[in-house]
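Here is a report on one protein chain. Please go through the sheet, the cores, the charged pairs and the backbone in turn.

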Amino acid sequence: MTPAVTPGVTPAGPPDVTDLLGAYAAGDTTPVEAVDEALRALEKAHAAYNCTIRLLDERARAAAAASARRWADGTARPLEGVPFGVKDVIDVAGVPTTHGSWNHGRDGDAPAAASATVVRRLEEAGAIPVSKDATTEFAVGGPHPPRFGPVRNPWDPARWAGGSSTGSAAAVAARAVPCALGTDVGGSVRLPSAWCGLTGLKPTAGAIPRTGVFPLSWTTETVGPIARSARDAERLFAVLRGPDGADPRSTPLAPLEVPARPDLAGLRIAVPGGAFTELCDGAVRAGVAHLVDELVAAGAEVVPGEVPSAGDALPIGYQVVFTEAATLHRVDADRWDSYDPVVVRRISQGIVTPAVDYLRALQFRVELQRELDAVFAAADLMVVPTCPSTAPRLPHGTVVVDGEEFPLYAAQSRSTMLGNLTGAPGLAVPTGLAPDGCPVSAQLIAPPHREGTALWAARVFQERTEHHRQAPPSAT
């Protein structure tokens, strides 16, 4: 079964990043018009999906006017005039960062003193932040943060957009903005991207600095772009990557290399089974097979490769994340009664984790990295499901796998946590629609600092198919 390209869900819609830049260059529109339209679209999307915490109206319009002048005088920068959203755990100078919580700081909604490195880099390339986007509480809570409530999925408002970069994904899926910034600790860029039909990149650990991002887990956390296509993700990643001199995990990198060839001759792909395909819906598995078939048709070769310990990555990854989160939040235990109960439960798990178990979990990371190294000795990419189902149903956040209902956390991060624990990059790629009308997704996992290989394969796949162009029927 090949996931469907359903008639009626491929509107012309607002352009993506690459097309928008082309429209500016051709004089078909201006940053002032594009930013005004983005702000209007965000208001509409928020009314429908609850995706936006704050619009940056005045700031965005002033930046758009400056961008329009740069296009007029020939000094446009690589992302000049492109509107983008910012997950609200990432600082924007002069704007409060709420972390999706009433409990984000003793000083209330005080504005951030400086922008995070990732925001500053996009702005220096000409892009324009237009919104602070909803997040689960502290990027570790459940679908129902007490302060702001759940973000609904543009493909089906009775479902969740996914977390924790939930508002960012919903806003991009609704075609309100062409791209957004998220963070990923166990799949928080890739899962909402998958459930909203988007292309989302979790880069190699340390490839993008985390300076100015509220911390959650120093072992597993990354920042990454959410976009509509691999070509857009590539543009954003090229600007975001590289050390900033402040994040000690961010070190010098070789230039980003993404082959421009339209074929994949010489590319070797492994398609492991085991834990990756257990408790996984048939439509998701069909999407993975469809992606593999297209890559092979473009010249790639399938080679053997398995990750024997993949099934342990999810529980052990949670152990690492919750223990590290507990070190940040234990000081505020007197305020836990107003926290999301999911956050409290997870922090509590971390507090009672013995040191020997935490240290053993860190050693497991090394063993898992060795298993990936063995796969990548013969393969350039792994292809696995991004998540095992279509988007979770609200209010309880259950997922359906082959007609049977399961709790949200039963397996949602099984294949994404693998990348967070090992540091390997992963790219979520939409592969079509399930029979329920919602998107399915596959993940391309590459060796560390080989994001270019995943972006190349995804771009070729997207040049051969139309899945990334599909939009919800209600999209602006």
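## Strand pairing

Two strands count as paired if DSSP finds at least two bridges between them. The model is predicted. Strand β9 (residues 268-270) pairs with β10 in the parallel sense, over three bridges. Within this pair, Ile 269 stands opposite Val 302 in β10.

## The sheet

Eleven strands make up an open sheet with mixed pairing. Their order is β1-β3-β2-β6-β8-β7-β14-β15-β11-β9-β10. The edges are β1 (52-55) and β10 (301-303), and each of these pairs on one side only. From one strand to the next, the twist averages 30°.

Helix α13 (residues 451-464) packs on this sheet. The helix touches β7 (199-202), β11 (381-385), β14 (426-433) and β15 (439-445). The direction of α13 makes about 15° with that of β14.

## Nonpolar cores

The largest nonpolar core has 98 residues. Leu 79, Ile 90, Leu 295, Met 382 and Leu 444 touch the most other members. Helix α9 (residues 310-329) gives the most to this core, with ten residues.

What is Met 382 in contact with, leaving aside its neighbours within four places in sequence? The list is Ala 270, Pro 272, Phe 276, Val 307, Leu 372, Val 375, Phe 376, Leu 418, Gln 443, Leu 444 and Ile 445. Another core, of 29 residues, lies apart from the largest one. Among its residues are Ala 41, Ala 174, Cys 196 and Leu 198.

## Cysteines

How many disulfides does the count give? The count is zero. A disulfide needs two cysteine sulfur atoms within 2.5 Å. For Cys 51, the nearest cysteine sulfur is that of Cys 196, 9.9 Å away, so Cys 51 is in no disulfide. Cys 179 is in no disulfide either, because the nearest cysteine sulfur, that of Cys 51, is 15 Å away.

Cys 51 is buried, with a relative accessible area of 0%. Cys 179 is also buried, at 2% relative accessibility.

## Salt bridges

The count comes to 23 salt bridges. One of them joins the side chains of Arg 231 and Asp 16, at 3.1 Å from N to O. This pair links distant parts of the chain, 215 residues apart. Arg 231 is in helix α7 (residues 230-240). Asp 16 is in the segment before α1 (17-26). Arg 231 is partly exposed, with a relative accessible area of 27%, whereas Asp 16 is buried at 6%. Asp 16, Asp 19 and Arg 231 are linked in a network of salt bridges.

Arg 70 forms a salt bridge with Glu 80. Their closest N and O atoms are 4.0 Å apart. Arg 70 lies in helix α3 (residues 57-73), and Glu 80 in the loop between α3 and β2 (83-87). The two are ten residues apart. Is Glu 80 buried or exposed? Glu 80 counts as buried, at 0% relative accessibility. Arg 70 is partly exposed, at 30%.

In the bridge between Arg 159 and Asp 156, the closest N and O atoms are 3.0 Å apart. Asp 156 is partly exposed, at 24%.

## Backbone details

One joins Gly 163 and Ser 164, with omega about 5°. Ser 164 lies in the loop between β5 (156-160) and α5 (166-173). The other runs from Leu 394 to Pro 395, with omega near 5°. Pro 395 is in the loop between β11 and β12 (399-401).

Positive phi values also occur in residues other than glycine, including Phe 138 and Arg 175. Phi of Phe 138 is near 55°. Phe 138 sits in the loop between β3 (128-133) and β4 (152-153) and is buried, with a relative accessible area of 2%. Phi of Arg 175 is near 65°. Arg 175 is in the loop between α5 and β6 (179-184). At 5% relative accessibility, Arg 175 counts as buried.

Methods
Residues are numbered from 1 along each chain as its sequence is written. This is a predicted model: local features need pLDDT of at least 70, side-chain atom pairs count only at pLDDT 80 or more; totals for chains, interfaces and linings use all residues. Side-chain values use heavy atoms; hydrogens and water are left out. Buried means under 20% relative accessible area, exposed over 50%, partly exposed in between (1.4 Å probe, protein chains only). Helices (H or I, at least four residues) and strands (E, at least two) are DSSP runs, numbered from the N terminus. Axes are lines fitted to C-alpha atoms, for helices over the stretch in contact, and angles run from 0 to 180 degrees between N-to-C directions. Contact means heavy atoms within 4.5 Å. A nonpolar core is a set of buried Ala, Val, Leu, Ile, Met, Phe, Trp, Tyr and Cys residues joined through side-chain atoms within 4.5 Å.
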